[in-house]
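Take a walk through this chain, from its overall make-up to a few single residues. Keep the structure open as you read.

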Amino acid sequence: MAAPRTPQSLRLVAAIRNGSSRGIHGPGGAATPEGSQKGKTLLQFLSDRFYDVEFMREYFLQRQMLKVHQKNRSFAHLVQDYGPNAAGACFILKQGGTVKFQNKEWIRPNERGHFRLEFLKFQGVPVEAVDASGCAINYEGLDNLLLLKELQSLSLQHCPHVDDWCLSRLHPLASSLQELSLAGCPHISERGLACLHHLQNLRRLDISDLPAVSNPGLTQILVEEMLPNCEVLGAGWAQGLKVEPEEQP
C-alpha cells in the first residue's frame, strides 16, 4: 500500500501542473525563487504543454513524420531548370545518400551534409547508380527517382520508410534497373516482393534481413522463380521451412 502524500508533496505536484514556480514549496516550507523561461526544468516545460504521456508521444510522432514529409518534397522546380537527372541526384544527396553519373565518380555529401553543385552541369549525363542506404525515402519521395530512366543500380538498404507500397511504384524503372538492394528494410513483406515481377531485367536482388517476411526461405524460392534471370541474395533456402520430424523406428 502506497504511503499517503504529504501536504508539501501535494503543493509541489499542483504547482508543476499549473506551470508556475511561485507556489512550489520544499520540505522546509520555503518557496523557491522564480526563474526565467530558460531556468525551467524539463519536467515543468513538459507539464506546461502535455497532460499525459500518450499525448506527448503523439506530438513527437507527428513532428517526426512532418520532418520525413519535408525531406521527401518534390524537386520538380529543378527538373525544369536542370533536368530529371540533376534533380534526382540533388534529392538523394539532400537525403544523405550518394549518386553516380555515367562515366563520373561517386558524389557524396560531407559530414555536415553539404555537397558541391557541379553536377548541375551534367544535364545530358544520366544517373546510373544511387545508394540511398539508411535514407528517409518514402512513397512520395520516389517521385524524384522514377524520372531516372537509365538508372541501373539502386540501393535502399535499411530505409525505415520503404514499404510494400514503395515497391509497387518501381515498374517505371523496369527497362534499365539491373541491381536492387532491399536488405534490412523493416516494412517490406512478401506482398511487396511480389510487385517486383515487372523488373525482368534485374540481375541481382538482395532481400536479406527482412523482418516482415514470415518465411524467408520459401519467399526466396518464389522470388527466384518469378525472376529466373536474377541472382537473389537472402536467407538460406531452408530458413523458415518446416521440416517434418524423422520417423521413429
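**From the whole chain to its details**

Buried residues make up 35% of the 249 residues in the chain. The model is a predicted one. Its chain holds eight helices and seven strands. Contacts with a separation of 6 or more were counted too, and 62% of them join residues 24 or more positions apart. The exposed surface comes to about 15800 Å². Carbon and sulfur atoms supply 53% of that area.

Go inside next. The largest nonpolar core has 51 residues. Within this core, Phe 119, Leu 180, Leu 193 and Leu 205 have the most contacts. Helix H5 (84-95), strand E1 (98-101), strand E3 (127-131) and helix H6 (164-167) each supply at least two of its residues. H5 gives the most, with seven residues.

Val 223 leads on to helix H8, which spans residues 216-226. Which residues of H8 are buried? They are Gly 217, Thr 219, Gln 220 and Val 223. These residues lie on the same side of H8, because they cover an arc of only 160° around the axis. An α-helix has 3.6 residues a turn, so residues three or four places apart point the same way. What do the buried residues of H8 pack against? Their partners are helix H7 (190-194), strand E6 (204-206) and strand E7 (231-233).

Gln 220 sits in helix H8. Its relative accessible area is 10%. Buried means under 20%, so Gln 220 counts as buried. The side chain of Gln 220 reaches the backbone oxygen of Val 232 at 3.3 Å.

Now turn to the aromatic rings. The count comes to four aromatic pairs. In one of them, Phe 101 and Phe 122 have ring centres 5.3 Å apart. Their planes stand at 75°, so this pair is edge-to-face. The pair links distant parts of the chain, with its members 21 residues apart. Phe 101 belongs to strand E1. Phe 122 lies in the loop between strand E2 (106-107) and E3. Is Phe 101 buried or exposed? Its relative accessibility is 0%, so Phe 101 counts as buried.

Finish with the backbone. Most residues other than glycine have a negative phi. Asn 103 has a positive phi, near 60°. Where is Asn 103 placed? Asn 103 lies in the loop between E1 and E2. With a relative accessible area of 70%, Asn 103 is exposed. His 158 has a positive phi too, near 55°. His 158 is found in the loop between strand E4 (153-155) and H6. At 45% relative accessibility, His 158 counts as partly exposed.

How values were computed:
Residues numbered from 1 in each chain as written. Predicted model: local features only at pLDDT ≥ 70, side-chain atom pairs only at ≥ 80, totals over all residues. Heavy atoms only, no water. Helix = DSSP H or I, 4+ residues; strand = E, 2+ residues; numbered from the N terminus. Buried < 20%, exposed > 50% of the residue type's maximum accessible area, 1.4 Å probe, protein only. Contact = heavy atoms within 4.5 Å. Areas by Shrake-Rupley, 256 points an atom, 1.4 Å probe, with all protein chains shown as cover. Core = buried A, V, L, I, M, F, W, Y, C linked by side-chain atoms within 4.5 Å. Arc of directions from axis to C-beta. Polar contact = N/O pair within 3.5 Å; in protein donor to acceptor, adjacent residues only side chain to side chain. Phe/Tyr/Trp six-rings, centres within 6.5 Å; stacked < 30°, edge-to-face > 60°.
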